[in-house]
Amino acid sequence: LTNKLVLLEISEPCLYSIEQELLNVNKEKIEIIPILGSAANINLMKNLFVNEKINIVFHAAAYKHVPLVESNPIEGIFNNVISTKVVCQAAKYAFLKKVILISTDKAVRPTNIMGASKRLSELVVQSFAQEELLTNASSNSRTIFAMVRFGNVLGSSGSVVPLFQKQIKQGGPITLTHPDIIRYFMTINEAVQLVMQSSALAQGGEVFLLDMG
C-alpha cells in the first residue's frame with residue numbers, strides 16, 4: 001500500500017497554499033498530489049478515485065459563509081449538496097472504504113440556506129449509508145458513509161474570528177447576529193482529532209458530534 005494524500009481543490013491559490021504548508025511538515029515523505037477541480041464533477045471524481053486507488057475521502061467542499069450563501073442560494077446548494085451526491089456516487093463506483101462528510105452544527109434545525117444545504121448533504125450521505133447496509137451488509141466491498149458535525153473552528157476558512165479581530169483593531173463595534181448569541185470554538189487540532197476518531201469509529205450512517213462548551 002502506498003501512503004499518499006490527494007488534495008482536491010477548486011481554488012488554485014488555496015490548493016497551492018495547502019500543498020506548500022503540507023510539504024513543509026511532511027517528515028514521513030508521504031506523496032502529496034494536488035488536483036485542481038470540482039468535487040461536483042462526476043467523471044473527475046470517478047477517475048481520481050480509481051486511478052489513485054483512494055481508500056478514504058474526507059469531503060469538506062462547501063460554501064459556508066452564511067450571508068454569501070443567502071445571497072447566492074442556487075450556487076450554494078449546488079456546491080454543497082450536488083458535490084456530496086457526486087462524491088458518494090463516485091465512492092460507490094470505485095469501492096472506497098469510507099466517506100466522511102464534514103458537516104456543521106448549523107445543519108441542526110437550520111435557520112439559513114447554508115445550514116439547510118448542509119442538512120440536505122447529511123441526508124444524502126445517510127441515504128447512501130442505508131443503501132449500502134441493505135445491499136452489502138456483510139460484504140467487504142461495502143463503502144462506509146458517515147458524518148461529523150462541529151461548530152466554529154479557530155483559524156479555519158470561514159471562521160468569524162478574523163472578522164472580530166479586524167473589528168476590534170478598528171476600535172469596534174463587533175457585529176453579532178443577535179445580542180444573546182452564544183458561540184463555542186474549537187482549535188484546528190481538536191477538529192482534526194474529531195474527524196480522525198470519527199473515521200475510525202464509523203460503521204455506516206452515523207453523525208458524530210463534539211461535546212462543545
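Analyst: Two residues are in contact when they have heavy atoms within 4.5 Å of each other. The structure discussed here is a predicted model.

User: Which residues does Phe78 touch, not counting residues up to four places away in sequence?

Analyst: Phe78 touches Ala40 and Ser83. Phe78 itself is found in helix H4, which spans residues 73-93.

User: Why does Phe78 count as partly exposed?

Analyst: Buried means under 20% relative accessible area and exposed means over 50%, with partly exposed in between. Phe78 has a relative accessibility of 40%, so it counts as partly exposed.

User: Why is Ser121 called buried?

Analyst: The cut-off for buried is under 20% relative accessible area. The value for Ser121 is 0%, and Ser121 is therefore buried. Ser121 belongs to helix H5, residues 113-135. Leaving aside neighbours within four places in sequence, Ser121 is in contact with Asn80, Val81, Thr84 and Leu101.

User: What makes the approach of Asn80 to Ser121 a polar contact?

Analyst: A polar contact requires a pair of N or O atoms within 3.5 Å, one able to donate a hydrogen and the other to accept it. The backbone oxygen of Asn80 lies 2.9 Å from a polar atom of the Ser121 side chain, so the distance falls within that limit.

User: How do you know that the buried residues of helix H2 line one face of the helix?

Analyst: In H2, residues 42-51, the buried residues are Met45, Leu48 and Phe49. Viewed down the axis of H2, these buried residues fall within an arc of 95 degrees, and they therefore line one face. The face turned away from the buried side carries the exposed residues Asn43 and Asn51.

User: What do the buried residues of H2 pack against?

Analyst: They pack against strand S1 (4-9), strand S2 (31-36), strand S3 (56-59) and helix H4.

User: Which residues meet where H2 and H4 pack?

Analyst: From H2 come Ile42, Met45, Lys46, Phe49 and Val50. They meet Val86, Val87, Gln89, Ala90, Ala91 and Tyr93 in H4.

Terms used. Residues are numbered from 1 along each chain as its sequence is written. This is a predicted model: local features need pLDDT of at least 70, side-chain atom pairs count only at pLDDT 80 or more; totals for chains, interfaces and linings use all residues. Side-chain values use heavy atoms; hydrogens and water are left out. Buried means under 20% relative accessible area, exposed over 50%, partly exposed in between (1.4 Å probe, protein chains only). Helices (H or I, at least four residues) and strands (E, at least two) are DSSP runs, numbered from the N terminus. The arc is that of the directions from the helix axis to the C-beta atoms.
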